[in-house]
Amino acid sequence: MQDYQQQLLRALLAYAGQRGADPRRLCALSNIDARILQQGHPVSVTPAQVNSLWKNAAHATGDHLFGLHFGEAMQLAALGVVGQIIQTSNTAGEAIAHAGALTPLLTDMFRMQVHHGTKQFSIRFVADPEKAKEQPYTFRHFGTFVAVFSVHELDGLLMRRLAPVSVQLPYEVAESAEYERVLRAPLRKKGKDITVTFDNTWLHQEILSANYELQNILLKQVHALQAGAQPAGDFHARIYQYLLSNSYLYSASLEAVAANFSMSARSLQRKLRDEGVSFLQIQDEVRKAIAMDYLRSGHHSVKDIAYMLGYNESSAFLKAFKRWTGKTPGEIRRA
């Protein structure tokens, strides 16, 4: 388990301690080495143990909405470098984009996507269905935690309090009033994913602690660690996940993406070529994934999807979609 994930577990244990539970007892019940409580002391923690920890923390504190309230209490500082990168962003939109790109550092159950529309944008946390089934307590509590944290993470960093337009969860909730209080928005009907929707005016809301120079240093540190930890043959997946997590970057230039990974465009091309894929092919993969997601949601017209994917003409999008899938958007929807 990466240290970023252990920082989150330490924060979870600390919060449970504030709620009257004994952190060491929670570690024992979850079969987790109690040395995890010591900062900078890495221990081995399995997904099953994390699932058990969420279950035991909720039971020990007598709070079956533990993830909801933990998200409300969580401070960015507890996430270390990840939190600092969010804090030093220039705007709320940039902070959310960085949060999406860094989500894999905190969990492998969810991936975060940011979908941009003409008037609203949505943060979507998509769970791995197999892991959600195998780790139900992590799915429920951590899923609620990330939804709340996406709303509360910028408190104190903006000139006004961040509030969504709506929230959608992939499970039914009995205490809807408490969810709506913490999430600051009405709950929509149960959906496939965790989706938090905001008005586009938030995208350009300036963050008081913005610091481009410091953020650039922090990003380089994180990317250097990621690069060192990645197994061979995984660079294609890293670029794909980065573009997909920040869906407004689907048309980002090769140079811009390479700079994000602290390398030259030529180096990025070489790494991808070694894996038998090109940057343009990955961009197409991302556009296809986003288009399919929009179509399946049933909330957008083909014209709107074409616009959101950067196509000036619907005909160009239709041609590309046919090349990607061998079918038309209408055929996909009818299926």
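The lining of the largest cavity divides into 13 nonpolar residues, 2 polar and 1 charged. Here Ala, Val, Leu, Ile, Met, Phe, Trp, Tyr, Cys and Pro count as nonpolar, Asp, Glu, Lys and Arg as charged, and the others, Gly among them, as polar. The model is predicted: local features need pLDDT of at least 70, side-chain atom pairs count only at pLDDT 80 or more, and totals for chains, interfaces and linings use all residues. Residues are numbered from 1 along each chain as its sequence is written, and side-chain values use heavy atoms, without hydrogens and water.

A search of the whole structure finds 1 cavity of 30 Å³ or more. A cavity is a set of points on a 1 Å grid over the protein atoms alone where a 1.4 Å probe fits but cannot get out; lining residues have an atom within 4 Å of a point. The largest cavity has a volume of about 190 Å³, the space filled by probe spheres set on the points, which are joined across faces, edges and corners. Of its 16 lining residues, the closest to the centre are Ala 99, Thr 103, Leu 106, Val 146 and Phe 149.

Helix H8 gives the largest share of this lining, 5 residues. Helices (H or I, at least four residues) and strands (E, at least two) are DSSP runs, numbered from the N terminus.

Asp 155 is partly exposed, at 33% relative accessible area.

How values were computed. On a 1 Å grid over the protein atoms alone, a cavity is a set of points where a 1.4 Å probe fits but cannot get out, and a pocket is an open set with protein on both sides within 12 Å along at least five of seven lines; lining residues have an atom within 4 Å of a point. Buried means under 20% relative accessible area, exposed over 50%, partly exposed in between (1.4 Å probe, protein chains only).
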